[in-house]
Amino acid sequence: MSLADPQPQATRHIPDRLTTPAAKMFKSWESLLLLVAVGIFILNSFASPYFLNAWNLSDATFNFTEKAMIAFAMALLIIAGEIDLSVASVIALASTMMGLVMQAGFGTPVIVITGLLTGLACGAFNGVLVTRLGLPSIVVTIGTMSLFRGISYIVLGDGAFRGYPADFAWFGQGYVFWVITVEMVIFVLLAIVYGVLLHKTNFGRAVYAIGNNATAATFSGIRVERVKMILFLLTGLMAGLAAVCLTSRLGSTRPSIATGMELEVVTMVVLGGVSILGGSGSIPGVVIAAFVMGLVTFGLGLLNVPGIVMSIVVGALLIGVIALPRIYHNLRAR
Amino acid sequence: MGHDPAQSAPVLALDGITKTFPGVRALDGVTLELFAGRVTALIGENGAGKSTVVKTLTGIYQPDGGRILLDGEAVQFPTAQAAAQAGVTAIHQETVLFDELSVAENIFLGHAPKGRFGLIDRPAMHRQAQDILDGIGAEIDAGVRLKDLGIASRHLVAIARALSVEARVVIMDEPTAALSRKEIEELYELVETLKAQGKAILFISHKFDEIFRIADRYTVFRDGQFIGTGEMADTSEAELVQMMVGRSVDQIYPERSTQVGDEVLTVAGYSHPTEFEDIGFTLRRGEILGFYGLVGAGRSEFMQSLIGVTRPSKGAIRLDGKVRVIRSPADAISAGIVYVPEDRGKQGAILDMPIFQNITLPSLPRLSRNGFTRMANEFALARHYTERLDLRAASLDTPVGSLSGGNQQKVVIAKWLATQPKVIILDEPTKGIDIGSKAAVHEFMAELAAEGLSVIMVSSEIPEILGMSDRVIVMREGRIAAELEGDALTPETLVRHAAGITTKGAAA
């Protein structure tokens, strides 16, 4: 066993990257997804004469903007190896609390703040159970999923809150400019904020580190519990924001509001290329996935396809887009 | 081989067994003979190949060369079941048992007596289980559920399970590691019982008092090679220790002229409820302080407490003369104490993340501006330290997991050096890496010390401890057993203090 030759050699230079970031992006999941989005857009425009209409397209964005707000925070949470399945129930509870303060005679600012704070409180509740008691987040949030919506049912029973103030409608029904909705603007701003947070900050790097290897992250001086707590708070806050938008758009609160939305949010996140096992994924991926899901449901809606079939199509899309690269990989390995 | 012709032929023998793993020759043509009614102790340092032998005998590993002889005939154990059918059974340190099943079910899981229609014959199973338990003197009802038993009783169930197959050869791998004094005495009685039943016993232990108490014969391995065998009556502790550690220091360690400076770190009275007790020492500038001990002596646990992964129950540290309280790894990093853990894949590196991100992770606060990462700074830092450590990698954004073990270790060391620490703790820094990388790591450690960094090196390899350390602290069972330097620092003294045989050796 001879050692490597002892003669001195010049310092070995290691390049930063072998492929340029642009080349990497070209081969990425996000590019594939973008292709799918463009394909669906073209299919839709052939399938229905009503598709390529600015106002119709603007309406279509409501199919994903509220879910996407939550999906951004959920993406970070899932990348860090946790999950929050209670988000739809948080919407129900937040909307109910908003209804209560509205009935008590408060105006739009208080209603909005109540919605956001309720979401934040629900996130804090989940976060404390997961980070302080060390319970698995999937179990905790399945529990709080029933709990939060249950409170909403106790308050409202079969009834509903109606009669929100007129200026409250701005969030879910308002337009900023021409066909650009308020929700669309919120969506774009949040996409930028979360994109920067995940990809350009130390906090985002910590999220990836925790999702890949929480032990090594702890040893590296990352305060794992604190990061996770912040992520639960953000997810709760986003669910509160979605509750404001959704309640404003519908103009009423029922305890069944947003039922099943948590799975659509998780679908959006996973479709966007976030590994359900944690550790990888990107915000651009989630943005494109939001458009894909919005386009599919809108296109099928224009064709008068019933809701049940729509969920089948979305499910098939999810499995298909995730399975294709794996199948391709297996075929090549043969 | 040449065993005593007066003895009967061995029940089970290994003849020239070789087993190679990528980069390591775990067993190199070893010989081992086990005789009916006799206890053979297998002795060797950590990494001598003892557990590989156990796994080869029980059908978990397949040897690359050599023969296994059962009653003089060559056999193969392709599976664990095949070994069990041949009558070879092992009592491991941690046998997997099932809380919700009864004692009898635990004992016979997988090979229960069958009745008509192939269903389990429960009465027969219960009866046979009770017989085995009675046979080893365990006062346990075979019908109770396992979760109602204490730790010691569970251990007896594990032994009963090992004996539920018609065993001719019983392997005991560190069987006393988790037992109390009284339970150990009971185990000795059990060994005597098994001996009287004519079973051949292979007894693996680090504790010399145990070996002299219970074994009839010994076999010594070192670095995967057979060193010697003989009767316990004909040997002494000194001879066994010498066989274990050998004389050859076959690796070249860097020349060092130590310029030890002022005190940097003082630790006093560090204690933990279960892992370690009253650890205190000082570390000076430019010094390499070795920590030697057997596996489980509490060295890693203490180091992890020192950097705030776990909290000590008592104790204080002073760094550069100032008292510091370290509650988390983040505190330790900002204080300038860093830890390169033993378990690279779990604690050291994030294998799926790129090299440069691994290296910069603990240094991000320093490299960033207002919490925003700055890629150019990250690459510059990563390049500086990887080039200094002569890392072999295609590029800095390839995942750490794609590198060899030695290069992964270089990344982890680079990551901690990049925080510009005052004290660096290296836990088994060369474990499982190839000889070339090993030399590079050693050379680098010497360089760091020469530049004035204080180094703590935890190692279970005696040549490494002797070759690198200025001073050595030996730990045993969570306490400091000795502090050695200069002429007192020899392989024999290290092993004696680590195994706790100083006083006995003097009395003998």
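**Close-up 1. T40(B) and its partner across the strands.** In this predicted model, T40(B) pairs up with L202(B), its bridge partner in β8(B). The strand β3, residues 39-43 of chain B, is joined to β8(B) by 4 bridges. These two strands run parallel.

**Close-up 2. β7(B) alongside β8(B).** Here we look at another pairing of β8(B), this time with strand β7, residues 169-173 of chain B. The two are held together by 5 bridges and run parallel. To find your place, look for V169(B), which stands opposite A200(B) in β8(B).

Close-up 3. Strand β8 covers residues 200-204 of chain B, and 5 of its 5 residues are buried, so the strand is largely enclosed by the rest of the structure. Follow the side chains: A200(B), L202(B) and I204(B) point one way, while I201(B) and F203(B) point the other way. Whichever way they point, all are buried.

**Close-up 4. Two stretches of chain B to treat with care.** Over residues 1-6 of chain B, pLDDT stays under 50, and the model has 2 contacts there beyond four places in sequence. Residues 504-508 of chain B also stay under 50, with 3 such contacts. Where pLDDT is low, the predicted coordinates should not be read in detail. As for chain B overall, its pLDDT averages 85, and 92% of the residues score at least 70. The model itself scores ipTM 0.85 and pTM 0.73.

Key. Residues are numbered from 1 along each chain as its sequence is written. Chains are lettered from A and ligands numbered from 1 in the order in which they are written. This is a predicted model: local features need pLDDT of at least 70, side-chain atom pairs count only at pLDDT 80 or more; totals for chains, interfaces and linings use all residues. A residue is buried if 20 or more other C-beta atoms lie within 10 Å of its own, exposed if 12 or fewer, and partly exposed in between; C-beta atoms are placed from the backbone. Two strands pair if DSSP finds at least two bridges between them. pLDDT is the predictor's confidence in each residue, from 0 to 100. Two residues are in contact if their C-beta atoms, placed from the backbone, lie within 7 Å.
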